[in-house]
Amino acid sequence: MSREVYERLVEEFPETSLEYLEGKDPAISVKADDLFEVARHLKEKQGYDYLSAVTGVDYPDRFEVIYHLYSMKEGPGPLILKVSASKEEPEVPSLVSLWPGANFQEREVYDLMGIRFAGHPDLKRILLWEGYEGHPLRKDFPIEGYQTIGQEESS
Amino acid sequence: MLSDYAFLGLLLIAAILFPLAAMFMAFLIRPKKPGPTKKSTYECGLETIGETWVRFRVQYYIYALVFVIFDIETVFLYPWAVAYNQLGLFALVEMFIFLGILVGGLLYAWRKGVLEWF
Amino acid sequence: MTEEEHIAEQIRRNIIITTIDKIYNWGRRSSVWPMGFGLACCAFEMICAAASRFDFARFGMEMMRPTPRQADLLIVSGTVTKKMAPQVVRLYDQMPEPKYVLAMGACAISGGPFKDTYNVVNGIDTYLPVDVYVPGCPPRPEALLEGFIKLHQMIEGQTILTSPWYRKEVEREMPVPILGPRGLVLPGEGHE
Amino acid sequence: MPFLNDLFVNLSYWIHGFLARFLPLWAADLIMMLLTIACLIVFALITIMFINWLERKVIGRFQDRYGPNRVGPLGILQFVADAIKMFTKEDITPANADRVIFNLAPVMVVVPTFLILAVLPFGRGMVAADLNIGFLYIVAISSLTTIAILLAGWGSRNKYSLLGGMRVVAQMISYEVPMVLSALGVIMLTGSLSLVSIVEGQSRVPFILLQPLGFLIYFISAIAEVNRAPFDLPEAESEIIAGYHTEYSGMKYAMFLLAEYINAFIVAAIAATLFLGGWQGPSLPPYVWFFLKAYAIYFVLMWLRGTLPRLRIDQLMGLAWKFLVPLALVNLLVMGLVATLTQGKGLFPLVLASLVANGLIVAAVVIIYAFAMRRRRQVEVAA
Amino acid sequence: MQTVETRLRTETITLNMGPQHPSTHGVFRMIITLDGETIVDLEPVMGYLHRCQEKIGERNTYLQNIPYTDRLDYICSMSNNLAYVMAVEKLAQIEVPERAEYIRIIMVELTRIVNHAVAIGALLNDLGCFFTPMLYALEERERILDLFEMASGSRMMCNYMRFGGVRYDLPPGFMPELKSVVAALPAFIDEFERLLTDNEIMRIRCQGVGILPPDVAVGYSCTGPLLRASGVDYDIRKVDSYSIYDRFDFDVPLGTNYDVYDRYLVRIEEMRQSVRILEQAIEQIPEGEVSVKLPRVFKPPEGDVYHRIESPKGELGFYLVSDGSTNPYRYKIRSPTFINLTVLPELCKGHKVADVVAILGSIDIVLGEVDR
């Protein structure tokens, strides 16, 4: 099912470099800067009106943000968009203007993974408190967190 | 007759003394451990944000006015109701007019939206 | 003061105190009002303990007061995260004096399955003096009722003379930790 | 049986006679008054002990569980334990609360409760002060509690108690008007404000048969006056934590609890006196009848508390001003009409005419309500 | 101080319905700006129960994660297990025997009934009923928890499902007990309806409150009863028809005027549909194996997979990235209540304090799953 969508996307956006990744859940990898165009096209033209999940993954060489899109009218099968961002300064355009449901999910990915979302209305930490240093879900972050001196040390 | 009101006077004094005595005796017995956090206002476990004593909605004032009108009306109704058996049909018609004016006032308040609560 | 005189003198002084103690403790034991405050899954088991099958209203604990001001018992039921710890300690401080803490569930006792992670406090007794520990994840309602009975026995064992809230020098106010950049910092020695 | 009927009345005469033997008359009267006051206060404390236990057991039974049964036999001593605990509980006055108002409120909330007790006719001749303006006295004193609770709400400088305080003002002043209007119907039939004469007026037929609608309006607004059951917005536990008594602890909270429960009992007692014929009853001694009727109405209060959810503040106000006040006015006028028409003709036509009148009013209300609902549904369909 | 330009200048209060509040279903905080009693603006604050589930998921092996999924949404632990276990089965291509599939469906549908009963009880608690509906719901829940305890050994944290089936077969006394409980369920639901549906005060408090139009619901990616009460026919059991849901016929209730009252009606109707599924499952359940032999050190093949199920609260999905080792490289939980809460500020503007509590109750959140 996502194979035809991929074909239509390639016709629609000939100049962008789109890849079709095989696997149990076939996905389409998109560049960060033309993500917004592709997403708007998918939402208006192809009828993908339901953004189910926004996930951040910390690979050794890059950060990856995965979007799971569904269309409520037609049929099953998620359309998966994968966007990769650089390791030093991860930045991905925000899709809150297309799907308001992504608001909290993007804030959570920023909070735990540290990937900034350009254009997000109020990108603040959602699960941890404001002054917290570091993004816990990164691979270099120890699971016990930074032990604070004083009370924490003893227990 | 007079003794009833004397009794009520005594009862008023007793009614004021009872809670005061109870709270004073409790004041003697209970532990006293004041502390800065203990004395801070309770707001679901956090400090309060912003001011508490703000100028509250004006709606309450308008409601008080509507209440005053109707309460005065009920005070006028008391003597009429008590002396009702002695008065004839004439008093009833008069009361119809009196209440009619008031129901008019109520409908006006209703139409003006004063009775809405927001 | 030989042994006999000491005991005789103790007995004489105690007779009055014990009767007052008995009534004082009986009153406090049979009307412990828990604070309606649940953190996680153990809170649901606490609600089940208050429900029809394991009803702890039988012990007079039915008035689950939402405000700390009228509560005697703080049941820490669930995982205490670092973001929540200052609130739990503030609520404890805001409770009037003869107050008790019951740590319910492995998370409240020692961090439980989420021990040693970046956002979980390893046990509430790093910040609060806990009176009764009820282990289990979540402890069954019967275990919680057993915890209440242990608490009642503890209350009955106290006397007015030795109880900490009547003695001047005992400091019952727990410092409220502050959320620092890396975790919780006590106000006293916040080095960061 | 006559001895048992006026047991307490004879007791008080005997004591008075005994005192009068060696004390001057005025001293004996004074002591009698003090004794009655002491008896009233003790009665209040025993009532709250019994009501608190009864309420928790009955609501427990509604919810399919036992109420308190470990403290004393069947849990009777539950409130004694609560009282001891609240007595020895620390009292906290928040730092930025207004100290004077904060501490004055609990005292002020208890005073009206005891004052109203003086006028209740517990039995034949067993009334502490038989004022000839009995009902007006009750209405005047009961509006004092509004001020006390507002003081508590505003004084403790807590957002939740402020909301609770504001709600209590709105609710109590709105429900005082229908309460008084519906009670006027009763006063019209007896021709006197004194509660004792109201009860005597009902010797042949209790007023509830004559004015079922009046009783209903009175009962609904009396519940709202006392912040119970579907109208307990001022201390709405699920919305504004504990409403006006959020910041109170220990003995001050006990005062609020005392006032709340005894006010609820007093409202039930007044409803019984006004509409069910206080101590009128065939065989049992009068005071037993009084308590039977009062606790029957109190059971309905508990029943409502156990089942019904809470109204929202604007629906509450709408119910008072847009439904109860007009209905009470109509009911008053129709009762006036019926009373004059069947002035001299004895009992049966009066009862018949009032039942017919009530039936007409209820029919009119149902028709207007159906019409309003249909019009609202058309508006919705059109929108 | 934010001033609202109405006819008269009145100040607004900033009130926070903080972590410790009787009706926020756990430690959820809302900062509400009030003008009198009407809400001007609402900002939810979460994270008070963030227990680092996803970081722990990467530290644990695949099998160790199953007990942690119980603690996600602690009211319906069985459906959390199912979601995670089916994701790993999809990743490692494991076949599940017939009987195990039926046992799983029975357990998940029982959890759905428990969750909806408790959700309605909690909603009525917020509306002001003095705990009575909640205690009736909990009484029914106790009967079903006895079934879970009989099958899996623990009341709440069942930890019952494994990759390729379930841990134990059903004990002999289970089926008759299950039949009697399922037979008694319709009577309980009817009694619940009799007490609540025509309750005049419940209707006034819930009808026309918190209206969520369908397109806004889809835009805010709401799922579960919240979405279906807004008239959108989207039930993942029908859309994906995962496991053996295609063998049962049940219909999906939809709301008509999208308010709190419709969410209540949808939940009551879904409980009835779950009873229908249970009856069919009890008849068709075959005999046979309940689990598949797996290697002691379980290493799924490389790759990433996303699997979602219809948990009682909405679409619960697991996104697993495996790099061939024994621990998942990335363990992501798509929690329905966390995303359903995005629509809360939108729903609550202009309503009163009492309505915020009712709307939050109708969205039915559990903090273990919101904060993960």
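What distance separates the centres of domain 1 of chain D and domain 2 of chain D, taken over C-alpha atoms? The separation is 24 Å. The model is predicted: local features need pLDDT of at least 70, side-chain atom pairs count only at pLDDT 80 or more, and totals for chains, interfaces and linings use all residues. Residues are numbered from 1 along each chain as its sequence is written, chains are lettered from A in the order in which they are written, and side-chain values use heavy atoms, with hydrogens and water left out.

Domain 1 of chain D spans 1-88 and domain 2 spans 89-382; these bounds come from an automatic or database domain assignment. Contact (heavy atoms within 4.5 Å) involves 26 residues from domain 1 and 32 residues from domain 2. The two domains bury about 2600 Å² between them. Buried area is the accessible area (1.4 Å probe) that two parts lose on being put together, summed over both. Carbon and sulfur atoms carry 79% of it.

Two salt bridges cross the interface, each a side-chain nitrogen of Lys or Arg within 4 Å of a carboxyl oxygen of Asp or Glu. D:R305 forms a salt bridge with D:E55, with the closest N and O atoms 2.6 Å apart.

On the side of domain 1 that touches domain 2, α1 (2-5), α2 (7-22), α3 (25-62) and α4 (78-87) of chain D each supply at least two residues. Helices are DSSP runs (H or I, at least four residues), numbered from the N terminus. The largest share, 15 residues, comes from α3(D).
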